[in-house]
Amino acid sequence: MLRRNSIVGCILWFVLVFGVLAAPWPGLRGACCNYLQGMVRTVLSSESGRRELDFEVSPNHKRGYDEARIVIVNRDLMTPNGSGPVRNLDIDLGTLGTRSLALLLALICATPFSWKRRGIAILLGIPFLHFFILALIAYCIWSESTEVQLVTLSPAMKEIANSLEERQLALFSIVVPVLVWVVVTFRRSDRTSLFTSMNAADNKKAR
Amino acid sequence: MGRSKLRFRQPRPSARGALPPGWQLGKLWFDERRPLLHFVVKFLVVLAFLTAFSLTPLYQHILPGYLDTTARLTNTFLHILGEDTHLAGASIWSQKYSVTVTPDCSALEFSWFLVAALLVFPARWHWKIAGIASGIAMLAVLNVLRVATLYLIGIRALTLFDLVHEDVWPVLLIMTTLVFLAAWIGWTEYRNGSEDHASA
């Protein structure tokens, strides 16, 4: 059973850890942006095929944002001298990476379990988070690829894909860390967890 | 020279069943989290439904009204604080500075998250409705405060505007949404406990 006192303690612990980790520490977002850009290059970029991904420093860097610019190229549309239409995708990878990681770590740290369990949850949660960040960027690249004829969509579908891209980017920072936290931290048997009532409801249904 | 043969090693049956230890560990992991995974799937279905709703013409028709209302409430709040601001649609302006409430500044994504989580969490329906209504109202009020503070920072400390707009308020909104959710879950658990105690 959840106790209100313990909830207050967990909330304060969460606010403190998240506030500290999500603060714009100098250099942290830039490093995170470079790291994620390298990961995207390794996983999603390939030397063969029609699609080529190039990575540049976004002009928004000058304004203090740690954005990555992914240049999407259709090799079939390029002329022999290397010119042709390209699509630029600017993603604030620094904020996306640091904020979602900060939220996941704060949620795990604030959960009142043993440090061993919290450590295991962090070890499991970080690869999960990487996977979802990659999936999000892969979707954005796919959606933007329509502009250089790598993907063909009807106008209605294209509008839906673009709208989903905007909404996913907005929702990602809160939804994915919370869901990853729920899955990697809790177990069915956790009586002190927030799923006590879920089990009770399931049992009532089963009767 | 003898013929080479391809040999496949059969997985060794373990004490707990036919599955090899690695698979057993995975199965155990999933079995322990089955209710949580059900929760996650239901939550994602509701969130997908809300996202699909946001693509409909009805939502596109409602959204400008919501943004205008946010701007109107912010303008009223700024008048209370003694600012001489004017309203033009979803924009608040004065001789010194202006801000516009765009769909990105609506904070609606936090409301969707909250609505999906409260709908899926097993609790009584009137508690869910109370939670959803108060959660959305709280986020709307916070959004008015956000726009108002951004306007005030725009006229008093413009160098801090990007920091507050891009870092402080998004983090505060995430924190508030999750704290509200935790508090609501704690409240429903407390009510459940006190009702069980009373019936015993």
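Author: Happy to; we will go from the chains to strands, core, pocket and loops. Please keep in mind that this is a predicted model.

Reader: What makes up chain A, and in what order do its elements run?

Author: Chain A has six helices and three strands. From the N terminus the order is α-α-β-β-β-α-α-α-α.

Reader: And what is the pattern of chain B?

Author: Chain B also comes to six helices and three strands, but its pattern along the sequence reads α-α-α-β-β-β-α-α-α. Of its 200 residues, 40% count as buried, while in chain A the figure is 47% of 207 residues.

Reader: Why is strand β2 of chain A called largely enclosed?

Author: Buried means a relative accessible area under 20%. Seven of the seven residues of β2(A), residues 68-74, are buried, so the strand is largely enclosed by the rest of the structure.

Reader: Which residues of β2(A) point which way?

Author: A:Ala68, A:Ile70, A:Ile72 and A:Asn74 point one way, with A:Arg69, A:Val71 and A:Val73 pointing the other, and all are buried.

Reader: What makes β1 and β3 of chain B edge strands?

Author: The three strands of chain B form an open antiparallel sheet in the order β1-β2-β3. β1 (86-88) and β3 (98-100) of chain B each pair on one side only, and that makes them the edges. From one strand to the next the twist averages 20 degrees.

Reader: How do you know that β1(B) pairs with β2(B)?

Author: There are three bridges between β1(B) and β2(B), residues 91-93, and at least two are needed, so the two strands count as paired. One of the residues to look at is B:Ala88, whose bridge partner in β2(B) is B:Ser91. Helix α3 of chain B, residues 57-80, lies across β1 and β2 of that chain, at about 25 degrees to β2(B).

Reader: Which residues have the most contacts inside the largest nonpolar core?

Author: They are A:Phe14, A:Phe18, A:Ile137, B:Phe43 and B:Leu178, in a core of 100 residues. A:Phe18 touches residues of both chains: A:Arg99, A:Ala102, A:Leu103 and A:Ala106, together with B:Val171, B:Ile174 and B:Met175, leaving out residues up to four places away in sequence.

Reader: What lines the largest pocket?

Author: The pocket holds about 1300 Å³ of space. Its lining has 38 residues, and the closest to the centre are A:Glu166, A:Leu169, A:Ala170, B:Asp104 and B:Glu109. α5(A) gives the most to the lining, with nine residues.

Reader: Why is A:Gln149 called exposed?

Author: Exposed means over 50% relative accessibility. A:Gln149 has 52%, so it counts as exposed. This residue is in the loop between α4 and α5 of chain A, and its phi is positive, near 60 degrees.

Reader: Is B:Ala107 buried or exposed?

Author: B:Ala107 has a relative accessible area of 2%, and the cut-off for buried is under 20%, so it is buried. You will find B:Ala107 in the loop between β3 and α4 of chain B.

Reader: Where is B:Ala123, and which residues does it contact?

Author: B:Ala123 is in the loop between α4 and α5 of chain B. Beyond its neighbours within four places in sequence, B:Ala123 contacts B:Lys128, B:Trp184 and B:Thr188. B:Ala123 and B:Thr188 are 65 residues apart in sequence, with their C-alpha atoms 7.0 Å apart in space.

Notes
Residues numbered from 1 in each chain as written. Chains lettered and ligands numbered in written order. Predicted model: local features only at pLDDT ≥ 70, side-chain atom pairs only at ≥ 80, totals over all residues. Heavy atoms only, no water. Core = buried A, V, L, I, M, F, W, Y, C linked by side-chain atoms within 4.5 Å. Buried < 20%, exposed > 50% of the residue type's maximum accessible area, 1.4 Å probe, protein only. Contact = heavy atoms within 4.5 Å. Helix = DSSP H or I, 4+ residues; strand = E, 2+ residues; numbered from the N terminus. Axes fitted to C-alpha atoms, helices over the stretch in contact; angles between N-to-C directions. 1 Å grid on protein atoms, 1.4 Å probe; cavity = no way out; pocket = protein on both sides within 12 Å on 5 of 7 lines; lining within 4 Å. Points joined across faces, edges and corners; volume = space filled by probe spheres on them.
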